[in-house]
Amino acid sequence: MPNWGGGAKCGACEKTVYHAEEIQCNGRSFHKTCFLCMGCRKALDSTTVAAHESEIYCKTCYGRKYGPKGIGFGQGAGCLSTDTGDHLGLNLQQGSPKQARPSTPTNPSKFAKKIVDVDKCPRCGKSVYAAEKIMGGGKPWHKTCFRCAICGKSLESTNVTDKDGELYCKVCYAKNFGPKGIGFGGLTQVEKKE
């Protein structure tokens with residue numbers, strides 16, 4: 001029968017597929033709405049499709065049906081041990097149920113060490129995590145705590161100085177800990193000793 005002005009036939013429903021609604025896979029055309037996994041009926045795209053001869057599957061169902069089987073393969077690639085494969089027409093042998101993994105770590109000392117090793121901010125005493133950590137004076141600080149101890153100005157690597165475990169801007173450091181006299185720290189007179 002001649003194909004009068006239509007497109008190819010859909011690999012799933014056998015109806016005409018027009019160019020605007022066409023998805024091609026494995027040399028066959030499909031409607032966008034028919035491009036579904038033959039096992040679970042989940043919508044597919046170019047990254048999730050796995051073709052086997054004239055059938056299309058999601059990668060999970062493909063692995064269950066055509067992937068390796070046996071010990072170490074979870075009864076088919078990508079398969080949960082609780083999945084029987086009934087929706088795929090598979091007869092998977094059910095062995096003894098596996099024990100679930102414990103929810104607590106097998107080596108609690110490693111877990112406890114990780115909690116203890118979290119750095120503490122010298123200013124507020126709270127934990128400092130990597131996303132908020134700034135190093136200053138050899139210690140980790142929160143971004144919000146990385147301020148001058150005297151004036152409260154936000155600090156950067158270019159204007160930070162440290163003394164006795166505390167951070168200062170260069171101006172406050174010079175005024176409070178720098179040399180004194182004419183030309184230093186804003187003094188205009190030299191104090192006379194009596």
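A cavity is a set of grid points where a 1.4 Å probe fits but cannot get out. The model I am looking at is predicted.

**Entry 1: the cavity**

I searched the whole structure for cavities of 30 Å³ or more and found 1. The volume of the largest cavity is about 30 Å³. Why use a probe for this at all? Rolling a probe the size of a water molecule over the atoms shows where empty space is left.

Next I looked up the lining. Gly136, Gly137, Lys139, Trp141, Asp162, Gly165, Glu166 and Leu167 line the largest cavity. Two elements give two or more residues to this lining: strand 10 (139–142) and strand 12 (166–169). I then sorted the lining by class. I noted 2 nonpolar, 3 polar and 3 charged residues.

**Entry 2: the whole chain**

I stepped back to the chain. How many helices and strands does it have? I noted 3 helices and 12 strands. The chain has 194 residues, and 25% of them count as buried.

**Entry 3: helix 1**

Which residues of helix 1 are buried? In this helix, residues 59–66, I found Cys61, Gly63 and Arg64. They sit on the same side of helix 1, because they cover an arc of only 160 degrees around the axis. An α-helix has 3.6 residues a turn, so residues three or four places apart point the same way. Then I asked what the buried residues of helix 1 pack against. The partner is strand 6 (55–58).

**Entry 4: two residues with positive phi**

I looked up arginine 41. Its phi is positive, about 65 degrees, although arginine 41 is not a glycine. I located arginine 41 in the loop between strand 4 (28–31) and strand 5 (49–52). Is arginine 41 buried or exposed? Its relative accessibility is 54%, so arginine 41 counts as exposed, the cut-off being over 50%.

Aspartate 164 is not a glycine either, and has a positive phi of about 55 degrees. I placed aspartate 164 in the loop between strand 11 (160–163) and strand 12. Aspartate 164 counts as exposed because its relative accessibility is 74%.

**Entry 5: arginine 28**

I found arginine 28 in strand 4. Its relative accessibility is 24%, so arginine 28 counts as partly exposed. What does arginine 28 contact, leaving aside neighbours within four places in sequence? I listed Gly11, Ile23, Ser54 and Glu55. I also checked arginine 28 against lysine 9. The two are 19 residues apart in sequence, and their C-alpha atoms are 8.4 Å apart in space.

**Entry 6: lysine 143**

Where does lysine 143 lie? I found lysine 143 in the loop between strand 10 and strand 11. Its relative accessible area is 52%, so lysine 143 is exposed. Not counting residues up to four places away in sequence, lysine 143 touches Ala131, Glu132 and Ile134. Lysine 143 and glutamate 132 are 11 residues apart in sequence, and 5.8 Å apart in space, C-alpha to C-alpha.

Technical notes. Residues numbered from 1 in each chain as written. Predicted model: local features only at pLDDT ≥ 70, side-chain atom pairs only at ≥ 80, totals over all residues. Heavy atoms only, no water. Buried < 20%, exposed > 50% of the residue type's maximum accessible area, 1.4 Å probe, protein only. Helix = DSSP H or I, 4+ residues; strand = E, 2+ residues; numbered from the N terminus. Arc of directions from axis to C-beta. Contact = heavy atoms within 4.5 Å. 1 Å grid on protein atoms, 1.4 Å probe; cavity = no way out; pocket = protein on both sides within 12 Å on 5 of 7 lines; lining within 4 Å. Points joined across faces, edges and corners; volume = space filled by probe spheres on them. Nonpolar A, V, L, I, M, F, W, Y, C, P; charged D, E, K, R; others polar.
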